[in-house]
Amino acid sequence: MTRNKNLKKITIIKGEKILYLLLILLVIAVPISNVFIKALLSESNIEVEQLKSKIDKQTNLNEGLNMQINELASLDKIQEVAKNIGLSYNNDNIKVINN
């Protein structure tokens, strides 16, 4: 019986309970928040790649349109269109203006 007298009951005070609760919440919250943040980052990276793809397509389209503009603005094409509508090209009537 003397043994029972020497055993003391371990008591946890209110502050320790709060600390243990916060520690448990931290252990649970950190991995969950890490997964959440990585999911958001992944989603953002997907959007960036989609926008890059759209930009590349638009750039290619713009280059093609610029090539068509240059073809249509060439002297040969202008002369061809003028000839088709009954106009003639006379180099003597062209005046060069310099600034």
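The legends below describe views of a predicted protein model.

**View 1. Helices of the predicted model.** The protein contains three helices and zero strands. Read from the N terminus, its elements follow the order α-α-α. The radius of gyration is 40 Å, whereas the globule rule gives 13 Å for 99 residues, so the protein is more spread out than a compact globule.

**View 2. Helix 1 and helix 2 by confidence.** Helix 1, residues 2–6, has a mean pLDDT of 59, the lowest among the elements of the protein. Helix 2, residues 14–72, has the highest, at 95. For the protein as a whole the mean pLDDT is 88, and 91% of the residues reach 70 or more. Where pLDDT is low, the predicted coordinates should not be read in detail.

**View 3. Extent of the C-alpha trace.** Along the principal axes of the protein, the C-alpha trace spans about 130 × 30 × 15 Å.

**View 4. Surface of the protein.** Of the 99 residues, 1% count as buried. The protein exposes about 10,100 Å².

**View 5. Charges of the protein.** The protein carries 13 positive and 10 negative charges. The mean position of the positive charges lies 32 Å from the mean position of the negative charges.

Definitions and conventions: Residues are numbered from 1 along each chain as its sequence is written. This is a predicted model: local features need pLDDT of at least 70, side-chain atom pairs count only at pLDDT 80 or more; totals for chains, interfaces and linings use all residues. Side-chain values use heavy atoms; hydrogens and water are left out. pLDDT is the predictor's confidence in each residue, from 0 to 100. Helices (H or I, at least four residues) and strands (E, at least two) are DSSP runs, numbered from the N terminus. The radius of gyration is taken over C-alpha atoms; the globule rule is 2.2 Å times the number of residues to the power 0.38. Buried means under 20% relative accessible area, exposed over 50%, partly exposed in between (1.4 Å probe, protein chains only). Accessible areas come from the Shrake-Rupley method with a 1.4 Å probe; for residues, only the protein chains shown count as cover. Lys and Arg count as positive and Asp and Glu as negative; His and the chain ends are not counted. The place of a charge is taken as NZ of Lys, CZ of Arg, CG of Asp or CD of Glu.
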